[in-house]
Amino acid sequence: MSYNLLKGKKGIIFGALNELSIAWKVAERAVEEGAEIVLTNTAISLRMGDINTLAERCNAPVIAADATNVEELEALVDKAMEHFGGKIDFVLHSVGMSPNVRKNIPYQELNYDFLGKTLDISAISFHKVMQVLYRKNAVNDWGSIVALTYMAAQRTFVGYNDMADAKALLESIARSYGAIYGRDHKVRVNTISQSPTYTTAGKGISGMSGMLDFAEAMSPLGNADAEDCANYCITLFSDLTRKVTMQNLYHDGGFSSMGLSEAVYHSFLKGAE
Ligand SMILES: NC(=O)c1ccc[n+]([C@@H]2O[C@H](COP(=O)([O-])OP(=O)(O)OC[C@H]3O[C@@H](n4cnc5c(N)ncnc54)[C@H](O)[C@@H]3O)[C@@H](O)[C@H]2O)c1
């Protein structure tokens with residue numbers, strides 16, 4: 001169902017790899033709500049993933065850019081503005097990767113070169129994206145920039161490894177840049193802290209299915225899925241949330257406020273029998 005919430009708006013969406021990607025759902029919903037979009041991902045993800053199917057569906061150009069590479073980001077923003085014939089209204093940063101997680105290196109044994117990559121790809125890239133947009137004055141007043149994060153930034157979750165550190169930095173960058181972008185250009189910057197979600201990145205986290213089941217059992221509303229997340233992103237891109245900025249917004253069915261649910265309590269008791 002469309003409410004035309006993004007009618008006339010233009011946005012760049014990072015991170016749609018395949019149909020499971022949260023960014024994929026956001027792209028589809030944004031177009032349904034009347035937006036025009038540009039899709040971007042790394043050159044290798046463009047080759048390995050299914051983004052062209054999405055591009056066709058959304059009538060959107062695909063522009064390759066590594067989110068850690070400032071020159072590539074500059075070219076992306078220039079091309080996107082050329083395509084739109086003007087400035088951008090919203091940006092989704094849906095980017096994350098940890099070589100330590102990929103190689104199953106436990107947190108106490110982190111490889112520091114890999115840690116540097118994790119932080120660059122999953123957090124500092126958000127600063128780079130905003131710095132390029134800011135320098136080029138590429139975002140319209142009252143524009144909206146959103147990055148996706150996870151609650152392991154606040155609390156420790158087994159298996160989330162150095163991605164927890166990256167998410168803490170990502171959320172801090174959202175606040176720090178949000179203060180400047182809001183003051184200078186009325187652009188808002190927020191992070192959405194999403195439930196565990198079954199995607200390619202999600203599957204990489206060890207014990208993901210247990211994490212999903214645990215979060216489901218803990219959350220009064222159940223886990224938020226990728227479609228739910230897309231809907232929430234749309235509200236943040238819309239004009240209905242113009243004064244929301246520098247926030248880390250939990251989108252997790254209530255998980256983040258729970259201590260112990262009946263479902264988890266009873267399954268724990270059962271296990272102890
Ligand atoms: N899946 C979950 O459980 C979950 C929960 C909370 C937050 N998130 C966050 O949501 C975001 C999207 O992840 P997803 O779950 O949709 O998985 P996904 O694997 O579909 O998306 C991750 C994307 O990051 C892209 N990427 C990796 N390195 C990049 C780089 N250098 N430059 C540009 N793009 C790069 C990948 O190509 C991919 O498209 C991530 O930030 C992730 O941490 C995911």
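Start by selecting helix α1 (residues 22–32) and helix α10 (residues 226–237), which pack at an angle of about 55 degrees with their axes 8 Å apart. Because of that angle, α1 is oblique to α10 (under 35 degrees counts as roughly parallel, over 145 as roughly antiparallel, 65 to 115 as roughly perpendicular, and the rest as oblique). This is a predicted model, in which local features need pLDDT of at least 70, side-chain atom pairs count only at pLDDT 80 or more, and totals for chains, interfaces and linings use all residues. Residues are numbered from 1 along each chain as its sequence is written.

Helices here are DSSP runs of H or I with at least four residues, numbered from the N terminus. Axes are lines fitted to C-alpha atoms over the stretch in contact, and angles run from 0 to 180 degrees between N-to-C directions.

The crossing of α1 and α10 is right-handed (the near helix is turned clockwise from the far one by less than a right angle). Now show I22, K25, V26, R29 and A30 of α1, with A226, E227, C229, A230, N231, C233, I234 and F237 of α10; these make the contact (C-beta atoms, placed from the backbone, within 7 Å).

Next, select helix α6 (residues 112–135) and helix α7 (residues 163–185), whose axes come within 7 Å and cross at roughly 15 degrees. That makes α6 roughly parallel to α7. Their crossing is right-handed. On α6, show the contact residues T118, L119, S122, A123, F126, H127, M130 and Y134. On α7, the contact is made by M163, D165, A166, L169, L170, I173, Y177 and Y181.

Key. Helix = DSSP H or I, 4+ residues; strand = E, 2+ residues; numbered from the N terminus. Contact = placed C-beta atoms within 7 Å.
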